[in-house]
Amino acid sequence: MENAFKDDFKSLTLTKIQKLKHGRFGRTSIKCSCSDLRFVIILLTSECAKNPDLMELLGRWRKENEAYYLSQFPISTERTTKWFIDKLVEVPDRMLFIIEISGKYIGHVGLFRFNFDKRTCEIDNILRGEKDFPGIMGCAVRGMTDWGRRNLKLRGYTLKVLSDNLSAIRFYQKLGYEEVSRIPLIQVSGRDGLEWSEAPQDYEGEAARYYIVMESG
Ligand SMILES: CC(C)(COP(=O)(O)OP(=O)(O)OC[C@H]1O[C@@H](n2cnc3c(N)ncnc32)[C@H](O)[C@@H]1OP(=O)(O)O)[C@@H](O)C(=O)NCCC(=O)NCCS
């Protein structure tokens, strides 16, 4: 019986996400605030792939922040669009919201890798693209996670952050996240040269870099 509830929760959640991601861009617009700042985070939907300016913007932000990702590669609007469709729209448990304030896009925040048993998911792709409005990133993460609790019935969140990304670790600590474990990373050769990857479970060597796994308390 309990498993039937879990399966129901999973299929209802995935159906809901699918519907939202194929809706009109702007329909899922979550109101957020930060002291006296009012702004929105807007779910990126499948139709955004047809907006080359938006794809170019996402690509520029990715390139400017490539050090915080596992892999680095030449960026083009075509490649970003392909990533957007294959790795975001087509992935059933992944969502990305763009932060908009005063008609300007500032960065993005996302949700990925749902654990339907625990009713948790990872916060994903947290990225400040523009320098304006200090404080807005933390408020955007809070706005998204509050929305997930209300609308997707999530009970908690986890995240992975690179061990040398000290400012992001501090950022998450201020939001109430705490380290729960570490995943060693190893370098492997990828399509565009060496990239970092999670080490296999039985890896026993020294790791130069880790993913720090954090959880909201
Ligand atoms: C991680 C990241 C999103 C954090 O962004 P951020 O700009 O530090 O976050 P916020 O917008 O919430 O701003 C927080 C800062 O603004 C300050 N701030 C908040 N409100 C403020 C206000 N009204 N006036 C002035 N400063 C303010 C905070 O004190 C904090 O500063 P501090 O870090 O010196 O303590 C950003 O560094 C980033 O995009 N990094 C690259 C990508 C990345 O690493 N992502 C995480 C991968 S896991």
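Modeller: Two strands are taken to pair if DSSP finds at least two bridges between them. Strands (E, at least two residues) and helices (H or I, at least four) are DSSP runs, numbered from the N terminus. The model is predicted, and local features need pLDDT of at least 70, side-chain atom pairs count only at pLDDT 80 or more, and totals for chains, interfaces and linings use all residues. Residues are numbered from 1 along each chain as its sequence is written.

The sheet is open and has 9 strands, in the order β1-β2-β3-β4-β5-β6-β9-β7-β8, with mixed pairing. Its edges are β1 (29–34) and β8 (193–198), each of which pairs on one side only. From one strand to the next the twist averages 30 degrees; axes here are lines fitted to C-alpha atoms, for helices over the stretch in contact, and angles run from 0 to 180 degrees between N-to-C directions.

Helix α5 (residues 166–174) packs on this sheet and touches β6 (156–162), β7 (177–190) and β9 (209–216). The direction of α5 makes about 165 degrees with that of β6. Contact between two residues means that their C-beta atoms, placed from the backbone, lie within 7 Å.

Within the sheet, β3 (residues 95–101) and β4 (residues 104–115) are antiparallel and share 7 bridges. Phe97 has Val109 in β4 as its bridge partner. Phe97 and Val109 also belong to the largest nonpolar core, which has 40 residues; they are among the members that touch the most others, as are Ile41, Ile99 and Ala140. Such a core is a set of buried Ala, Val, Leu, Ile, Met, Phe, Trp, Tyr and Cys residues joined through C-beta atoms within 7 Å, and buried means that 20 or more other C-beta atoms lie within 10 Å of the residue's own, again placed from the backbone. Neighbours within four places in sequence aside, the contacts of Phe97 are Ile41, Ile42, Leu43, Leu44, His108, Val109, Gly110 and Met144.

The ligand shell draws on β5 (120–128), α4 (136–151) and α5, each supplying at least two residues.

Key
Buried ≥ 20, exposed ≤ 12 C-beta atoms within 10 Å, placed from the backbone.
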